[in-house]
Amino acid sequence: MMNDRLRAVSGQIIAVAVALIMGAIIILMVGESPVRVFMTLLRGAFGDQAKIAGTLLQTTPILICGVAACVGLRGGMFNVGIEGQLFLGGFAAAWVGFAFPLPAGIHMLAALALAVVAGAAWVAIPAYFRARYNTNEVVSTILSNYVAVLLTSYFTIFLFKRPGGWSETPPILPTAYLPGIFDFSRLNWGLVIGLVLAIGAALVFRYTSWGYGVTMVGSAPKFAEYGGVNVKWQGFVVLLLSGAVGGLAGGVETLGVHHRFMEGFAPGFGFDGLIAALLANGSPVATIFTALFFGALRNGSLLLEVDTGASREIITVIQALIILSVSAQALVRRRGDSQAGERRWKF
Amino acid sequence: MEILDKLVNVALIAATLRTTAPILLVALGGSFTTKAGIFNIGLEGQMLAGAFFAVLGSIWTGSALLGVACGVAAALAFALVFAVLVVSFRANEVVVGLALNILAGGMTISLMKAIFGTRGSIVGQGIVGLPKVQLPGARDLLGSWASLISGFTPIVYVAFIAVPLLVLFYNSTRLGLYIRVVGEKPEAAEALGISITRVRYIASLLCGLLAGLAGAHLSLGYITMFTENMSSGRGFMAVAILIFSNGDPLKVLAGCLLFGFADAFSLRLQTFGYPSYLVLTVPYVVALTALFALSYRARPKIIMETLASMQKLLSADKSTEPGSKHPS
């Protein structure tokens with residue numbers, strides 16, 4: 001058991017190393033020095049106190065989105081729409097934050113609650129059709145991302161624009177702020193929410209019969225069905241929960257960091273979360289570490305753009321390469337199967 | 001009525017054909033992989049890579065045709081990586097497809113910064129666009145309707161001619177038949193001695209070829225520039241079309257015309273002062289609605305299949321009872 005886990009972890013680390021080497025080659029091709037780029041990334045991510053706090057700040061939404069993705073992946077569902085759920089959750093939280101004066105504390109909780117509802121509601125239609133009619137959830141959730149981003153932009157610019165401001169809503173009232181942890185950084189209690197969610201999800205998967213059922217449906221749906229699990233209903237619930245957590249990620253980002261909703265407020269966090277969850281092989285606890293890794297890359301990339309000629313999207317390239325080389329490991333596990341065999345793979 | 005007249009006219013139909021072409025090409029490309037039994041969510045990335053390298057190629061060589069060739073080559077490279085990982089390495093096709101899409105997005109932006117030192121878009125810089133083909137005699141024959149068949153870039157014609165060619169390909173060529181067998185009955189293909197690996201590689205590469213053409217059309221034909229993530233979900237819409245058309249070329253054409261129309265119509269609405277953000281959602285909402293509505297329609301089939309399998313189960317149960325006859 002322990003040996004298996006060790007082998008799995010070392011496999012992922014080798015995959016990351018391979019990806020970093022390929023990334024280095026690409027950086028060379030772009031005309032930069034890989035050593036310099038990697039050192040700049042490292043310095044930008046962990047160089048001093050403020051940089052470390054910045055890394056944790058970037059980690060927070062990736063971690064929460066990662067947990068959202070884990071919930072889906074465990075149940076055999078690809079929720080690629082976390083990005084859209086994040087945007088709607090972020091807008092919903094901001095709306096409660098600026099439009100309804102409420103007592104401190106309750107205000108924040110109400111805003112987060114609406115973010116959760118918005119995220120779940122946004123995935124409800126794809127989830128219903130997936131559960132009832134087996135409509136491919138990958139495509140429906142990806143396409144709904146585009147709608148979510150445009151819709152929240154419309155709300156922000158045409159319905160709730162702050163007079164005289166940029167493309168943003170009025171600021172939320174301080175009663176709805178997620179309190180910060182340090183006074184030198186915007187890092188806030190959202191990180192704690194993320195950690196609690198990740199550990200909570202791991203415990204649910206490990207110790208409850210519902211969590212066991214979800215994992216069973218994800219890995220062996222026929223078996224689960226014979227075992228008495230209502231596979232369709234469970235798929236619906238899993239996607240809804242995943243969407244709810246995605247919405248929460250948006251709420252945390254709005255209430256903790258920006259204190260308003262802006263057009264394009266959190267680009268790519270949903271996808272980063274999905275990648276972090278894939279690298280963690282669907283384990284919420286491992287997602288804490290992979291989210292930290294991607295948070296560091298993201299924060300480091302800010303300095304990259306200042307100090308070198310490389311663009312910060314080079315980290316997107318590295319992330320994609322990591323996932324590709326992780327997925328290539330499947331060969332080691334499945335050598336010798338017939339190509340005609342049942343196409344049920346782990347990620 | 002007057003507004004409707006302004007909205008729906010010959011220009012709109014011509015615009016529909018123009019907006020249909022890229023999505024039609026990428027969807028026809030995807031039809032190869034769909035028929036071969038591969039779920040290819042990586043179309044979006046192949047198309048984006050095609051669009052970027054087509055622009056790059058046309059700047060470097062000063063020729064639109066060589067630009068298109070560069071775009072196709074880039075998309076083929078992506079398709080090859082997809083095939084290696086999915087077919088040979090047996091990796092999860094959704095994960096590989098999504099990762100390649102992310103790679104294409106990050107790579108094109110990084111290269112744009114490295115080569116042109118700009119973010120956002122490449123305009124001018126010596127990009128050579130594709131010429132428009134004026135069919136001789138079209139104007140004399142059709143008058144104001146001539147814009148329906150004449151004045152498009154060559155790739156638009158390629159897209160529409162590809163539809164009947166693909167119908168022929170699947171019905172009358174050996175490779176087309178092999179692709180279908182591999183997709184529908186891989187066990188049978190294996191028993192017949194067809195190399196599933198080779199057929200799936202060929203299907204993936206044919207897909208990359210058309211996806212690259214689609215991308216080149218976006219950046220050299222449709223408009224002459226490249227912008228970040230300019231494929232803007234067309235590859236995903238193509239996948240939606242492929243799901244409910246099952247890759248049949250004629251159904252793909254019907255689906256693509258619907259999206260091309262939605263696209264052209266939404267562009268038209270924008271000029272009438274409707275909020276652009278809402279108008280831009282139209283093609284995606286159409287895609288989602290079609291996906292959901294058609295899966296609802298496929299319901300009877302699912303129910304029939306379930307009933308059939310239950311019947312089989314029941315008859316198996318009965319046959320184990322002593323003295324009972326097999327129900328027919």
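1. Ala201(A) counts as buried because it has 22 C-beta neighbours inside 10 Å. A residue is called buried if 20 or more other C-beta atoms lie within 10 Å of its own, exposed if 12 or fewer, and partly exposed in between, with C-beta atoms placed from the backbone. Ala201(A) sits in helix 7 (residues 190-207) of chain A. Helices here are DSSP runs of H or I with at least four residues, strands are runs of E with at least two, and both are numbered from the N terminus.

2. The model is predicted: local features need pLDDT of at least 70, side-chain atom pairs count only at pLDDT 80 or more, and totals for chains, interfaces and linings use all residues. Residues are numbered from 1 along each chain as its sequence is written, and chains are lettered from A and ligands numbered from 1 in the order in which they are written.

3. Which residues does Ala201(A) touch, not counting residues up to four places away in sequence? They are Val67(A), Cys70(A), Val71(A) and Pro284(A). Two residues are in contact if their C-beta atoms, placed from the backbone, lie within 7 Å. Ala201(A) and Val71(A) are 130 residues apart in sequence, yet their C-alpha atoms are 7.7 Å apart in space.

4. In chain A, the axes of helix 8 (residues 209-219) and helix 10 (residues 231-258) come within 11 Å and cross at roughly 105°. Axes are lines fitted to C-alpha atoms, for helices over the stretch in contact, and angles run from 0 to 180 degrees between N-to-C directions. Helix 8 of chain A brings Gly213(A), Val214(A) and Val217(A) to the contact, and helix 10 of chain A brings Val231(A), Gln234(A), Gly235(A) and Val238(A). By class, the residues of this contact between helix 8 and helix 10 of chain A are four nonpolar, three polar and no charged. Ala, Val, Leu, Ile, Met, Phe, Trp, Tyr, Cys and Pro count as nonpolar, Asp, Glu, Lys and Arg as charged, and the others, Gly among them, as polar.

5. The domain assignment of chain A gives domain 1 (1-32 + 309-333) and domain 2 (56-308); such bounds come from an automatic or database domain assignment. The C-alpha centres of domain 1 and domain 2 of chain A lie 25 Å apart. Their contact takes 13 residues from domain 1 of chain A and twelve residues from domain 2 of chain A. On the domain 1 side, helix 1 (2-29) and helix 13 of chain A each supply at least two residues. The largest share of that side, six residues, comes from helix 13 of chain A. The side of domain 1 of chain A that touches domain 2 of chain A has seven nonpolar, four polar and two charged residues.

6. How many residues does each chain give to the contact of chain A with chain B? Chain A gives 45 residues and chain B gives 48 residues. On the chain A side, the elements giving two or more residues are helix 5 (106-133), helix 6 (137-159), helix 11 (269-279), helix 13 (314-328) and helix 14 (330-334) of chain A. Helix 6 of chain A gives the most to this side, with 14 residues. The side of chain A that touches chain B has 30 nonpolar, 13 polar and two charged residues.

7. UniProt, in an unreviewed entry, places the feature "transmembrane region" at several spans of chain A, including residues 52-74 and 109-129. UniProt positions are given in the numbering used here, feature names are shortened, and annotations may be inferred rather than shown by experiment. Residues 52-74 of chain A are 100% helix and 0% strand, with end C-alpha atoms 31 Å apart.

8. Chain B has 15 helices and two strands. Buried residues make up 49% of its 328 residues. For chain B, an unreviewed UniProt entry lists "transmembrane region" spans, among them residues 64-89 and 235-262. Residues 64-89 of chain B are 96% helix and 0% strand, with end C-alpha atoms 36 Å apart. Residues 235-262 of chain B are 89% helix and 0% strand, with end C-alpha atoms 15 Å apart.

9. Asn246(B) lies in the loop between helix 11 (234-245) and helix 12 (249-271) of chain B. Asn246(B) has a positive phi of about 55° although it is not a glycine.
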